[in-house]
Amino acid sequence: MIGIDPLLAGAAVFLLFSIAASKIAVRMGVPALLLFLILGMLAGSDGPGQVYFDLPALVQAIGIVALAFILFAGGIDTAKRDVQLALRPALSLATLGVTLTALLVGAFARVVLGFPWPEGILLGAIIASTDAAAVFSVLRGKNIQLRGRLKPVLELESGSNDPMAVFLTLGMIQLIQNPSQSPFSLIPLFILQMGIGGALGVLFGRLAVSVINRIRLEYDGLYPVVTIAFVLFTYGATSILGGNGFLAVYVAGLMMARHTFLHKRSLMQFHDGVAWLMQIVLFVTLGLQVFPSQLPGVALDGLWTALFLIFIARPLSVFIALALSRLSVREKLFIAWVGLRGGAPIVLATFPLLAGIPLANTLFHLVFFIVLTSVLFQGTLIAPVARLLRVYATHRTPKSPLAYVMRDGVIANNLVEITLPEASAAVGKQLVNLGLPSGVLIVLIGRNDDMVIPTGSTVLEGGDRLLMLTSDQSKVEAQRILECEIPVMPPVDP
């Protein structure tokens, strides 16, 4: 048995290597998740790490938790305006597009690869959805500027189509295990799962906002713990009640993004960090689970299937699903290209393994090879394809002033908090009469347990906590005035 100390040290080394891999990925122009997968494969039993890891149940559990947090982070970081712009095309892609892709790949697997129909459609269902982690990391990590509503459509689709793929995968496993069952019996199950998942997502999202705004915790560090609990509870409770947990956590994130709540920005940044941690853990674990020595046996079939998926199945499903959309042909072609497969299909490929489905091991390694091909081929060419199709925005959207001051701690370095002494000459004076330097702005006043938004007529009281935004040149003079090291200057008549 390996002791806990080597395991902790090894986990830390993996995380550090993964962070370094993300830097390398940016410079090489490849998605970081590809290097995460390779790290896991190198550490596995067929790599130099020689870590034997064949625990599909554990991989599935890790994958479910990781995908839940990744989807929640994607939802809470999606602006309300983006949802309004992209909702219809994204939902069409997430439902009709996923179904068509599964059927087309299933037909290919039956005719070309010689799979039985049920197993062929199961393969199609597993790889039918685009992966949220892959799409978010590529589009946001590279800061790719796209015209119009392309980026919201792609992100909303990738966050909302996993539930459909999960449903189709579990439905096909059920049909394979019960050959006498009619495929039409899945329709009521689909309505039930999606209905419960969507409704509970809305409910839990609003509940989370209400709780965060009302609970008034003594320690700010507990608010992230509250949101972690809500993510886990939303997925678990929804699944217990027969709904789709992935849909519920994503919708809950979208609902929270629409409302204002305490520490919203810091909580969004926290969950962005959690999503990155989940991506690293997920893809390294998936890399450990695969046996590279078995990949050559499925390489040719995997390559043909990946090419069919990229150039035929995905474009056909996109054009059919968006037939009534106002998106241009070039925009639809780009959406078809950004059909990245990632961790979600590999996690779904563990379900047949645990269910004892025939060809399950072949399916798992076939899906892994398809994902590698998709990420390596499509992920590295997103920006060139965007330029080729002329959907790449030539002018970057300028950063807002708030984004500028938040960058690199600029705002933190220029914010000063001062507690006004009871004997200060500034007590009882209006802000306009303090004679503060022109480079000083008092942005907030803490008074007892209340927060006061100051105006020029606000009268200061002893014990007030002043939050002051100032330049380095004016900071010392302002502190001297407020702390009575020099007299308060009378107002100057214009």
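Ala425 is partly exposed, with a relative accessible area of 38%; on this scale, buried means under 20% relative accessible area, exposed means over 50%, and partly exposed lies in between, with a 1.4 Å probe and protein chains only. Ala425 sits in the loop between strand E1 (415-419) and strand E2 (440-447). Helices (H or I, at least four residues) and strands (E, at least two) are DSSP runs, numbered from the N terminus. In sequence, Ala425 and Gly462 are 37 residues apart, and their C-alpha atoms are 9.7 Å apart in space.

A word on the basis of these values. This is a predicted model, in which local features need pLDDT of at least 70 and side-chain atom pairs count only at pLDDT 80 or more, while totals for chains, interfaces and linings use all residues. Residues are numbered from 1 along each chain as its sequence is written, and side-chain values use heavy atoms, with hydrogens and water left out.

Let me turn to the chain as a whole. There are 21 helices and four strands. Of the 494 residues, 50% count as buried. The accessible surface comes to about 23,500 Å², and 65% of that surface belongs to carbon and sulfur atoms; the areas come from the Shrake-Rupley method with a 1.4 Å probe, and for residues only the protein chains shown count as cover. Contact means heavy atoms within 4.5 Å. Among the contacts in the chain with a separation of 6 or more, 78% are accounted for by residues 24 or more positions apart.

Axes are lines fitted to C-alpha atoms, for helices over the stretch in contact, and angles run from 0 to 180 degrees between N-to-C directions. On the H2 side, the contact includes Phe36, Leu37 and Gly40, and on the H12 side it includes Trp276, Ile280 and Phe283. H2 passes H12 in a right-handed crossing; a crossing is right-handed if the near helix is turned clockwise from the far one by less than a right angle, and left-handed if anticlockwise.

Helix H4 (residues 80-111) takes part in two further pairs. With helix H7 (residues 150-160), the axes come within 8 Å and cross at roughly 50°, and H4 and H7 are therefore oblique to each other. Among the residues that make this contact are Val83, Leu87 and Leu93 of H4, together with Val153 and Leu156 of H7. The crossing of H4 and H7 is right-handed.

With helix H5 (residues 117-126), the axes of H4 come within 7 Å and cross at roughly 135°. That makes H4 oblique to H5. The contact includes Leu103, Val105 and Arg110 of H4 and Trp117, Ile121 and Leu123 of H5. This crossing, too, is right-handed.

Which residues contact Thr101, leaving aside its neighbours within four places in sequence? They are Ala128, Leu309, Ala313, Ser317 and Arg341. Thr101 lies in H4 and is buried, with a relative accessible area of 1%. A polar atom of its side chain lies 2.8 Å from the backbone oxygen of Gly97.

At 0% relative accessibility, Thr350 counts as buried. The backbone oxygen of Val347 is 2.4 Å from a polar atom of the Thr350 side chain. Beyond its neighbours within four places in sequence, Thr350 is in contact with Pro56, Val59, Gln60 and Phe364.

Finally, two points of backbone geometry. Most residues other than glycine have a negative phi. Leu359, although not a glycine, has a positive phi of about 70°. Leu359 lies in the loop between helix H16 (350-355) and helix H17 (360-380) and is partly exposed, with a relative accessible area of 38%. Where is Arg390 placed? Arg390 is in the loop between helix H18 (382-388) and helix H19 (401-406). Its phi is near 60°, a positive value in a residue other than glycine, and at 53% relative accessibility Arg390 counts as exposed.

Key:
A polar contact is a pair of N or O atoms within 3.5 Å; within protein, one must be able to donate a hydrogen and the other to accept it, and residues adjacent in sequence count only if both atoms are side-chain atoms. Angles under 35 degrees count as roughly parallel, over 145 as roughly antiparallel, 65 to 115 as roughly perpendicular and the rest as oblique.
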